[in-house]
Amino acid sequence: AKTVTRPNGVDYYVRKCGPHDDVAALREARDKGIAVLAYGPPGTGKTALIEAAYAVDGQTVHTIQGTGDTETADFIGSFTQLPGGEFVWEDGPMLRAMENGEVLYIDEIAIIDPKVLTVVYSIMDGRDEYAVTANPSRGIVKAQPGFYVASACNPNAPGARLSEAILSRFLLQFEVQTDYMLAKKL
């Protein structure tokens, strides 16, 4: 079986998605600017697939782990206090991914409050920019070439919900299931 090494050093075993390799299909989706939403039960390899597809050639996958408590600041960043009492702005994963032209991965996106997810609308609707209102001196952050948004979720998790507005931005939505044939081979 063909493998791709993930950032943690663990091999990801490439699976077939119809006649295509899943990793190659996701890479092509990124090349074409088609945002992906992987869904399926826990433990089927959604995150592993995203990392195998995008954490290559020195690229970082900037991850937001969605929970019911995820806030806008978890995406864009916030002011933090230094030991001396001074406050400094620290960019969040979304702004870092935008400025570095890398992947923003929103894991368990369906658990995040839909009102919070409005933070990604302007970066996924063709404008490719975000006005940092929490820190006006930061201004407007423009996405650099290569910036890309991918996400995953368990649609059957308690409280899972995705608005039409966010779903419409993920043009490639696909189910990830356990590959029992691969498990048998291994």
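In this predicted model, Asp179 has a relative accessibility of 26% and therefore counts as partly exposed. Asp179 is placed in the loop that runs between β13 (172-175) and α7 (180-185). The C-alpha atom of Asp179 is separated by 9.3 Å from that of Lys16, although the two residues are 163 positions apart along the chain.

Thr3 falls in the partly exposed class as well, because its relative accessibility is 35%. This residue is part of strand β1 (residues 3-5). With neighbours up to four places away in sequence left out, Thr3 touches Asp11, Tyr12 and Tyr13. Between the C-alpha atoms of Thr3 and Val23 the separation is 9.7 Å, for a spacing of 20 residues along the chain.

Val23 also takes part in the packing of two helices. Helix α1 (residues 22-31) and helix α2 (residues 46-54) have axes that come within 9 Å and cross at roughly 65°. The crossing of α1 past α2 is right-handed. On the α1 side, the contact is made by Asp22, Val23, Leu26, Arg27 and Arg30, and on the α2 side by Leu49, Ile50, Ala52, Ala53 and Tyr54. By residue class, the contact of α1 with α2 comprises 7 nonpolar and 3 charged residues, with no polar ones. Helix α2 is mostly covered, with 8 of its 9 residues buried. The buried residues of α2 are Lys46, Ala48, Leu49, Ile50, Glu51, Ala52, Ala53 and Tyr54.

The loop between α2 and β6 (61-65) contains Asp57. Phi of Asp57 is near 55°, a positive value in a residue other than glycine. Asp57 has a relative accessibility of 79%, and because the cut-off for exposed residues is over 50%, Asp57 counts as exposed. A positive phi of about 55° is found also at Glu108, which is not a glycine. Glu108 is located in the loop between β9 and α5.

In soluble globular proteins, nonpolar side chains tend to be buried together. The largest nonpolar core of the model has 30 residues, and those with the most contacts inside it are Phe75, Met94, Leu95, Leu104, Val120, Ile123 and Tyr130. Two or more residues are given to this core by each of α3 (72-76), α4 (93-100), β9 (103-107), α5 (121-124) and β12 (148-153). The most is given by α4, with 4 residues. Apart from this core lies another, of 23 residues, among them Leu26, Val36, Leu49 and Ala53. Of these, Leu26 belongs to the α1 side of the helix contact, and Leu49 and Ala53 to the α2 side.

Within α4, the residues Pro93, Met94, Leu95, Ala97 and Met98 are buried. Helix α4 is followed by Gly101, which has a positive phi near 65°.

A search of the whole structure for aromatic pairs returned 2. In one of them, formed by Phe79 and Trp89, the ring centres are 5.2 Å apart and the planes lie at 75°, so the pair is edge-to-face. This pair links distant parts of the chain, with Phe79 in strand β7 (residues 77-81) and Trp89 in strand β8 (residues 87-91), 10 residues apart. Phe79 counts as partly exposed because its relative accessibility is 42%. Trp89 has a relative accessible area of 17% and is therefore buried.

Strand β8 also holds Asp91. The relative accessible area of Asp91 is 21%, so this residue is partly exposed. Asp91 and Gly77 are 4.4 Å apart in space, C-alpha to C-alpha, and 14 residues apart in sequence. Leaving aside neighbours within four places in sequence, Asp91 is in contact with Ile76, Gly77, Arg96, Glu99 and Arg138.

Terms used
Residues are numbered from 1 along each chain as its sequence is written. This is a predicted model: local features need pLDDT of at least 70, side-chain atom pairs count only at pLDDT 80 or more; totals for chains, interfaces and linings use all residues. Side-chain values use heavy atoms; hydrogens and water are left out. Axes are lines fitted to C-alpha atoms, for helices over the stretch in contact, and angles run from 0 to 180 degrees between N-to-C directions. A crossing is left-handed if the near helix is turned anticlockwise from the far one by less than a right angle, and right-handed if clockwise. Contact means heavy atoms within 4.5 Å. Ala, Val, Leu, Ile, Met, Phe, Trp, Tyr, Cys and Pro count as nonpolar, Asp, Glu, Lys and Arg as charged, and the others, Gly among them, as polar. A nonpolar core is a set of buried Ala, Val, Leu, Ile, Met, Phe, Trp, Tyr and Cys residues joined through side-chain atoms within 4.5 Å. Buried means under 20% relative accessible area, exposed over 50%, partly exposed in between (1.4 Å probe, protein chains only). Rings of Phe, Tyr and Trp (its six-membered ring) pair if their centres lie within 6.5 Å; planes under 30 degrees apart count as stacked, over 60 as edge-to-face and the rest as tilted.
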